[in-house]
Amino acid sequence: MIYDVIIIGGGPAGLSAAIYASRARLKTLLIEKSGCGGQMAVTDFLENYPGFNGGINGFELAVKLEAQAKDFGAAITYDEVTGLNFAGQTKEVIAVNNKYETKTVIIAAGADVKKLGISGEDGFIGRGISFCATCDAPFFKEKDVLVVGGGDSALQESVYLAKFAKNVTLVHRRKEFRAAKILQERLLSQPNISVIYDSIPEEIIGKDSVESVKLKNVENKQTQIVKVHGVFVFIGGVPNTAFAQGLSLDAAGYIITDENMKTSAEGVFACGDIRKKQLRQVVTAASDGAQAAISAQHYIENH
Ligand code: NAP
C-alpha cells in the first residue's frame, strides 16, 4: 500500500490536515503515538477557539475532530514513528510496529513538555510533580501547590488548580508574564493564588512525596523554602523532532517551513506546534494543518 499522504501526529494540526487531505480524496493515513488530541486533549477548557462561545473542553473537541477526519475517509493507526527515509522514489515512514510507504509526509508531532532539569524532579514525577493540571488537580484538593512558568499554560492551569487546591503559588523567573492579558487579570484576581516573581526552583525536596521546594531569587540570589504538596511545571515545550533528522530546524529545534508548510525536504510538510512560528494555538494548528494538506495535494499533482 502506497499512501498519498502520511500525517504524523493526531493533535489539532494533524487531524485538520487529515480532514483536508481526505476531502481532497488523497489516500490518507494518520499515525498517532498514544491518543488523538495532543496537548489540547488535556486542556480542561478552550475559550478562544472560534465558534465555541462559552468554551469547549479540549478532549471533547479532539473527539469531534477525530470523528470528522474518519468520516471523510482518513485512516488512523496507533504506532510510534522512529525515522523517515526519503532516499527512494516513495518516502518511508518507519515506526515501531510497521514501515509505511507514502508519496508525501506531513509532520504534526507537536511538542512534549519541557522539564526543569533540577534535583528531585525526576524522582517525584507521579509523587507530587506533574505536567498536567487536568489530569492531576483532583489529587491536590485542599492542599498547597506550586506552579512554575509565566506563559499561557502556567497562568491558565494555575486558575484551574485554584478550584481544587487550598493555595496556589506561582513562581516566575521574571517580573512580567508572557501570558495573554486576560489570563493575567484572572490569575491576579484569584484570592488563593499568590505570585513569587524573579525566582526559579532549585531543588524539589521530600521523602516519599514532595514536601517543599527550594527557590532562588535570580536578582538578589537569596533562597527560600516553600512548603507544598505538589509542583506543576508549565515552562513550554520541546519539539518532537527526534525522528525527523535531516530537516532544517531552528536553534530551538523547531522545523523551519515556508508559509505553505513546506520543509527543506521535497514532499515533506510540517504543521502545528512542531514548526517554527510565532503563535501556537489550536486555531493556528488547525490552519497550518489545512494548508499542509493542500500543499501535499499540489505536490502530488505536480510530480
Ligand atoms: P511558553 O509560552 O513557551 O512559556 C513558557 C514559560 O516558562 C515562560 O514564561 C518562560 O519564562 C518560562 N520558562 C521557560 N523555561 C524555564 C525554566 N527553565 N525555568 C523557569 N521558567 C522557565 O509555554 P506555554 O505557556 O507552555 O505555552 C506553549 C504555547 O501554547 C504558547 O504558544 C502558548 O501561547 C500556547 N498556549 C495557549 C493557551 C491559550 O491560548 N489559552 C493555553 C496554553 C498554551 P520567560 O517568559 O522568561 O521566557
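The model is predicted, and every value below was computed from it. The sheet consists of 5 strands with parallel pairing, the largest nonpolar core holds 33 residues, and 17 residues surround the ligand.

- In general, the strands of a sheet pair through backbone hydrogen bonds, and the pairing may be parallel or antiparallel.
- Strand 10 and strand 11 run parallel and are joined by 4 bridges, and valine 168 has isoleucine 193 in strand 11 as its bridge partner.
- Threonine 169 belongs to strand 10, which covers residues 167-171.
- Is threonine 169 buried or exposed? Threonine 169 counts as buried because its relative accessible area is 12%, which is under the 20% cut-off.
- When neighbours within four places in sequence are left aside, threonine 169 is in contact with Val145, Leu146, Val147, Ser194 and Ile196.

**The nonpolar cores**

- Within the largest nonpolar core, which has 33 residues, Ile7 and Ile106 are the residues with the most contacts.
- Two or more residues of this core come from each of strand 1 (2-8), helix 1 (12-23), helix 2 (58-71) and helix 6 (282-301), and helix 6 gives the most, with 7 residues.
- Isoleucine 7, if residues up to four places away in sequence are not counted, touches Gly14, Ala17, Ala18, Thr28, Leu29, Leu30, Ile31, Ile106 and Ala108.

**The ligand site**

- Which residues are the closest to the ligand? Of the 17 residues that surround the ligand, the closest are Asp152, Ser153, Gln156, Arg174 and Arg178.
- Glutamine 156 places a polar side-chain atom 2.7 Å from a nitrogen atom of the ligand.
- The side chain of asparagine 48 has an N or O atom that is 2.8 Å from an oxygen atom of the ligand, whereas for glycine 150 it is a backbone N or O atom that lies 3.0 Å from an oxygen atom of the ligand.
- The ligand taken alone exposes 910 Å², and the protein buries 77% of that area.

Terms used. Residues are numbered from 1 along each chain as its sequence is written. This is a predicted model: local features need pLDDT of at least 70, side-chain atom pairs count only at pLDDT 80 or more; totals for chains, interfaces and linings use all residues. Side-chain values use heavy atoms; hydrogens and water are left out. Buried means under 20% relative accessible area, exposed over 50%, partly exposed in between (1.4 Å probe, protein chains only). Contact means heavy atoms within 4.5 Å. Two strands pair if DSSP finds at least two bridges between them. A nonpolar core is a set of buried Ala, Val, Leu, Ile, Met, Phe, Trp, Tyr and Cys residues joined through side-chain atoms within 4.5 Å. A residue is near a molecule or strand if one of its heavy atoms lies within 4 Å of it. A polar contact is a pair of N or O atoms within 3.5 Å; within protein, one must be able to donate a hydrogen and the other to accept it, and residues adjacent in sequence count only if both atoms are side-chain atoms. Accessible areas come from the Shrake-Rupley method with a 1.4 Å probe; for residues, only the protein chains shown count as cover.
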